[in-house]
Amino acid sequence: MHHRPLNLVTDLYGCPNRCRHCWLGYMPNRTMEPGTDAWLVDYFKPDFQTVVFYSWLREPDFCDDYRARWERDNALSVGARPERFELASFWRLVRDPDYVRFLKETGTKRVQLTLFGLEELTDKYTGRRGAFRELLQATDILLENQIAPRWQSFLNEENKAEIPALLGLIETMELEKRCRTFGESFKFFVHAGSCDGENRKLYPLRIEKDHIPEALRPYYLDYGQVLTEAECCRHLRGSTAREIPRNEDRIVLNIANTFDIYFNFTHMAPGWRIGNLKTDPREEIIRRIAEEDIPALELARAVTLGELAERYGDPASEKAFFLEDYQRYLLNRYIEDRLG
């Protein structure tokens, strides 16, 4: 019996968006068959004391019976209950007036919304026409119901001139003032995002550190820790350390609608696949999870960061990275070269 809690994060219904920053990577939308939720929990219950079930991997509450769904997620979970975090479906917020009441009932005090600039760019990067207007409408709905919106933006070379305009929009919409009326604060932050999943494809557009607009630097997440790729390469040169993701106090599994499973470390790519719950022997799946024995991690244990930086790093690049994200980017390039 494993004592670390296990979170099962399941793509039970899909997602209305195709966001170009999605770190998980794209996957087809399909609804998993009835009874999958209980089957998944029962699969793991014999080996884990705590099993927490989440019915969404991408867009939260992307099902019409979201209230009953949340109750069922709680009822199925063993030893602990799922959390709401600061996530909600802006797609549903603007289509279902009861949804915001549901959010209030579940204790939601803040909701994060993602913009990529103004209307054209936000629609483009969300992958859906009308997304920008829906995000503004969702912001108003949240505020009217005393839930604080949190705006984030992913900054790159294409939208760097437009994202500062969001500061004016924040002022026009009086977002800080409106949050203060019910004792909350409005938060706006920008960053370049990790460099895995769909965001990896935007590497050619990744913002250069010196190109981060001055007006946005006070809002840039942990700006003092931002390095250029060249600085990352210098930092890692000759390093004998290794980039080996691992589960700490809990194990989080991302479960695709194909029943392929992955650790919640990076994008859901072939090298990171633990196995398939329907086709691989159960005992072997449990062993791989417990021992963290998958092809990507085997490769990670065998290569140093110095070797990765020498092979894949660009010592002339001024692209902005956090060192941890850069190390994962290098490792993923190596894994893809070796495993496809």
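This is a predicted model: local features need pLDDT of at least 70, side-chain atom pairs count only at pLDDT 80 or more; totals for chains, interfaces and linings use all residues.
A residue counts as buried when its relative accessible area is under 20%.

## A strand covered on both faces

In a regular strand the side chains alternate between the two faces of the sheet. Strand β8 is covered on both of its faces: Asp260 and Tyr262 are buried on one side, and Ile261 and Phe263 are buried on the other.

Strand β8 spans residues 260–263 and pairs with β9 in the antiparallel sense, over three bridges. Within that pairing, Ile261 stands opposite Gly275 of β9. On the β7 side, the pairing with β8 is antiparallel as well and has three bridges. Here Leu253 has Phe263 as its bridge partner in β8. The hairpin of β7 and β8 has four residues between the strands, and Phe259 takes a positive phi near 75° there.

## The sheet around it

These strands belong to an open sheet of five, ordered β2-β1-β7-β8-β9, with mixed pairing. β2 (51–54) and β9 (273–276) each have a single partner strand, so they stand at the edges and one side of each lacks a neighbour in the sheet. From one strand to the next, the twist averages 25°.

Helix α11 packs on this sheet and touches β7 (251–255), β8 and β9. The direction of α11 makes about 165° with that of β9.

## Arg288, a buried arginine in α11

Where does Arg288 sit? It is part of helix α11, which covers residues 282–291. Arg288 has a relative accessible area of 19%, so it counts as buried, the cut-off being under 20%. A polar atom of the Arg288 side chain lies 2.7 Å from the backbone oxygen of Ile274. Leaving aside residues up to four places away in sequence, Arg288 touches Phe263, Ile274, Gly275, Asp280 and Asp293.

Trp272 is found in the loop between β8 and β9. Its relative accessibility is 2%, which means that Trp272 counts as buried. Trp272 and Tyr262 are 10 residues apart in sequence, while their C-alpha atoms are 6.2 Å apart in space.

The neighbours that Trp272 touches, not counting residues up to four places away in sequence, include Pro245, Ile261, Tyr262, Phe265, Leu297, Leu331 and Ile335. Asn332 is also one of the residues touched by Trp272, and the two side chains make a polar contact at 2.8 Å.

## Thr126, at the end of α5

Thr126 belongs to helix α5, residues 119–126. With a relative accessible area of 2%, Thr126 is buried. A polar atom of its side chain lies 2.7 Å from the backbone oxygen of Thr122. Apart from residues up to four places away in sequence, Thr126 touches Asn17, Arg18, Cys19, Phe90, Phe116 and Ala131.

## Cysteines without disulfides

A disulfide is a covalent bond between the sulfur atoms of two cysteines. How many disulfides does the chain have? The count comes to zero.

| Cysteine | Relative accessible area | Closest cysteine sulfur | Sulfur to sulfur |
|---|---|---|---|
| Cys15 | 9% | Cys19 | 6.3 Å |
| Cys233 | 6% | Cys232 | 6.9 Å |

## The chain as a whole

Stepping back, the chain has 14 helices and 10 strands. Along its principal axes, the C-alpha trace spans about 55 × 55 × 35 Å. A compact globule of 340 residues would have a radius of gyration near 20 Å, and the 21 Å of this chain agrees with that.

Of the 340 residues, 57% are buried. Among contacts with a separation of 6 or more, 74% come from residues 24 or more positions apart.

Note on methods. Residues are numbered from 1 along each chain as its sequence is written. Side-chain values use heavy atoms; hydrogens and water are left out. Helices (H or I, at least four residues) and strands (E, at least two) are DSSP runs, numbered from the N terminus. Buried means under 20% relative accessible area, exposed over 50%, partly exposed in between (1.4 Å probe, protein chains only). A polar contact is a pair of N or O atoms within 3.5 Å; within protein, one must be able to donate a hydrogen and the other to accept it, and residues adjacent in sequence count only if both atoms are side-chain atoms. Contact means heavy atoms within 4.5 Å. Two strands pair if DSSP finds at least two bridges between them. Axes are lines fitted to C-alpha atoms, for helices over the stretch in contact, and angles run from 0 to 180 degrees between N-to-C directions. A disulfide is a pair of cysteine sulfur atoms within 2.5 Å. The radius of gyration is taken over C-alpha atoms; the globule rule is 2.2 Å times the number of residues to the power 0.38.
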